[in-house]
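Good morning, and thank you for the time.

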Amino acid sequence: MHGDSVRKVWSEAELDEALACLHAEPVTRRDELSRARAALLRAAGEVEDELLPTLTPPARRRPGAWRWIAAAAAAALVSGGGIVATNAFTGGDGPAPADHSVVGPNEAALESLHGDDFPLRDDQYRLVTESTWTTRITKSGLVYQTHEILERWLPAPGWKPVKSRFTGTGEIRWIKGDYQTAKRNGEALPGPSSSVSVNDGPPPQPTATTTSSPPPPVLPPQDRLPSESGWTHPATDFLKELPIDPGKMADRLRHDGIWPDGRPPEQPNSAPEMFEMAFNVLRSSQGFGAQRVALCKALARMPGITLETVTTPDGRPALSFSVTMPDRTRTFIVDRATAAVVGSRAVRSNDIREGWPGLTLFDTTISVVITDDDGP
């Protein structure tokens, strides 16, 4: 359809024929046909009201794009065809399609997100367990994954310290190479290890490592995360002040942070920056379910963030948040029943020329349980 009116598509004779087919009976009353034809022309805006037959009171005309939709609907009903109204929301009646909020299946899943505060008694802890397979690349070109477990005992706010235990299981998954090759090349492979700490510092995050000896867990290179900010080390005082309104949370994601590069504060944060800010808060696992829900809803609507509905390995409905960086894609998974983060991973970009494109850099599963055990 290329014109601005129905007249360019159907002649008056064709309209009469279409309506006659619609009301086809052994005997067709002419006044009924005229009444229908008049209503059709009025809907199409082809004639003025005073020129129409006065068999029925004139209906209120609706300007804009809806004129041709009404006429097209009648013709499609007669022919048994369908209508593709590509301009249904344009013209004088309203804004363009981009101004309308279209709720897709992922958006509906986002709206069903529920936040669990994981409430504690004074003598209880939230035990957060992160099980990570981390990719290691040696100087001789061998590639393997090691298995680490980080446990954190988070008490109710008060005087009790945060306890953590890091365990290197000694398990290895080979991607390129084997034990014999590593031994021949003089590569030192990690064995079982364990360490305990008592503090309130931020937990270490996994990263792919190039090494010739077993490395300790270290923070991954971040792309200009806010320094000296609650977004990098979320304490309970910071978390309780976060808004529960997604719109206000979105403003915080866009503009919070003290940036060491002297960037003007009015310049919004990038998608990777907002992704890491949100993940740090979710990973803190300090309750505040309403804030986590608002954070997920705010992040999902940011340009550059991909939202998908997924299922966890144990069958729970979840949401996946991803962002593409120059050398990798970062993803975290949120349980729809609790708004708790249950997984995190990084995958190397497929379009890089060197360095194992598509390689999983790390893959972490995360769980939170309430326990009376006070840890190591």
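I begin with a pair of helices: α7 and α8 pack at an angle of about 120 degrees, and their axes are 9 Å apart. Here axes are lines fitted to C-alpha atoms, for helices over the stretch in contact, and angles run from 0 to 180 degrees between N-to-C directions. That angle makes α7 oblique to α8, since angles under 35 degrees count as roughly parallel, over 145 as roughly antiparallel, 65 to 115 as roughly perpendicular and the rest as oblique. The crossing of the two helices is right-handed, that is, the near helix is turned clockwise from the far one by less than a right angle.

A word on the basis of these values. This is a predicted model, in which local features need pLDDT of at least 70 and side-chain atom pairs count only at pLDDT 80 or more, while totals for chains, interfaces and linings use all residues. Residues are numbered from 1 along each chain as its sequence is written, and side-chain values use heavy atoms, with hydrogens and water left out. Helices (H or I, at least four residues) and strands (E, at least two) are DSSP runs, numbered from the N terminus.

Which residues meet where α7 and α8 pack? From α7 they are Arg-252, Leu-253 and Arg-254, and from α8 they are Met-274, Met-277 and Ala-278; contact means heavy atoms within 4.5 Å.

Helix α7 itself spans residues 246–255, and Met-249, Ala-250 and Leu-253 are buried in it. Buried means under 20% relative accessible area, exposed over 50%, partly exposed in between, with a 1.4 Å probe and protein chains only. These three cover an arc of only 105 degrees around the axis, so they lie on the same side of α7; the arc is that of the directions from the helix axis to the C-beta atoms. The cover over the buried residues of α7 includes α8 (271–284) and α9 (289–300).

Let us look at Met-249. It counts as buried because its relative accessibility is 0%. Beyond its neighbours within four places in sequence, Met-249 is in contact with several residues, among them Trp-231, Leu-242 and Leu-295. Met-249 and Ala-294 are 45 residues apart in sequence, yet 6.5 Å apart in space, C-alpha to C-alpha.

Just after α7, Gly-257 takes a positive phi of about 125 degrees.

Finally, the whole protein has nine helices and ten strands. Of its 376 residues, 40% are buried.
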